[in-house]
Amino acid sequence: NPNSRMHHREERMEVEPILKQKWKMPLEIAAKREVRGKLVLERKGTILQYAFVDISGNKIFDQSVRDLLNELDKLLPLPEEFEGALTEIGINFKPR
């Protein structure tokens with residue numbers, strides 16, 4: 001459904017700044033590292049689960065992302081026009 005993909009992209013754009021603000025990124029990490037994951041959110045923004053799609057291979061960097069996701073339990077509510085009960089969004093973490 002192209003419409004749900006659009007909401008998916010909009011939701012990710014709104015959520016990423018919140019995640020980055022709360023993330024305690026290790027200072028000594030090389031710029032080429034990246035962790036990719038996915039979040040399952042219910043309508044009110046509660047994080048039901050997360051999973052890593054790809055990890056960086058650096059234990060400190062990967063653990064910093066895991067710590068953030070374990071600490072968070074809620075993000076933004078899904079938009080009113082979103083029809084489903086929950087959604088899955090992709091997230092990427094890279095050093096600045």
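This is a predicted model: local features need pLDDT of at least 70, side-chain atom pairs count only at pLDDT 80 or more; totals for chains, interfaces and linings use all residues.
Helix H2 spans residues 59-71 and has 13 residues. From its first C-alpha to its last, the helix reaches 18 Å, close to the 18 Å expected at 1.5 Å a residue. Six positions are listed by name as buried in H2: Phe61, Asp62, Ser64, Val65, Leu68 and Leu69. These residues cover an arc of only 155° around the axis, which puts them on the same side of H2. Lys59, Asn70 and Glu71 are exposed on the other side. The N-terminal end of H2 is capped by Asn58. A side-chain oxygen of Asn58 lies 3.0 Å from the backbone nitrogen of Ile60.

The structure holds three aromatic pairs. In one of them, the ring centres of Trp23 and Phe61 are 5.6 Å apart. Their planes stand at 70°, so the pair is edge-to-face. Trp23 lies in the loop between helix H1 (2-22) and strand E1 (35-42), whereas Phe61 belongs to helix H2. The pair therefore ties together parts that are 38 residues apart in sequence. Trp23 is buried, with a relative accessible area of 8%. Phe61 also counts as buried, at 0% relative accessibility.

Phe93 sits in strand E3 (residues 86-93), 70 residues from Trp23 in the loop between H1 and E1. Both Trp23 and Phe93 are buried. Through ring pairs, Trp23, Phe61 and Phe93 are linked into a cluster.

How values were computed. Residues are numbered from 1 along each chain as its sequence is written. Side-chain values use heavy atoms; hydrogens and water are left out. Helices (H or I, at least four residues) and strands (E, at least two) are DSSP runs, numbered from the N terminus. The expected span of a helix is 1.5 Å times one less than its number of residues. Buried means under 20% relative accessible area, exposed over 50%, partly exposed in between (1.4 Å probe, protein chains only). The arc is that of the directions from the helix axis to the C-beta atoms. A polar contact is a pair of N or O atoms within 3.5 Å; within protein, one must be able to donate a hydrogen and the other to accept it, and residues adjacent in sequence count only if both atoms are side-chain atoms. Rings of Phe, Tyr and Trp (its six-membered ring) pair if their centres lie within 6.5 Å; planes under 30 degrees apart count as stacked, over 60 as edge-to-face and the rest as tilted.
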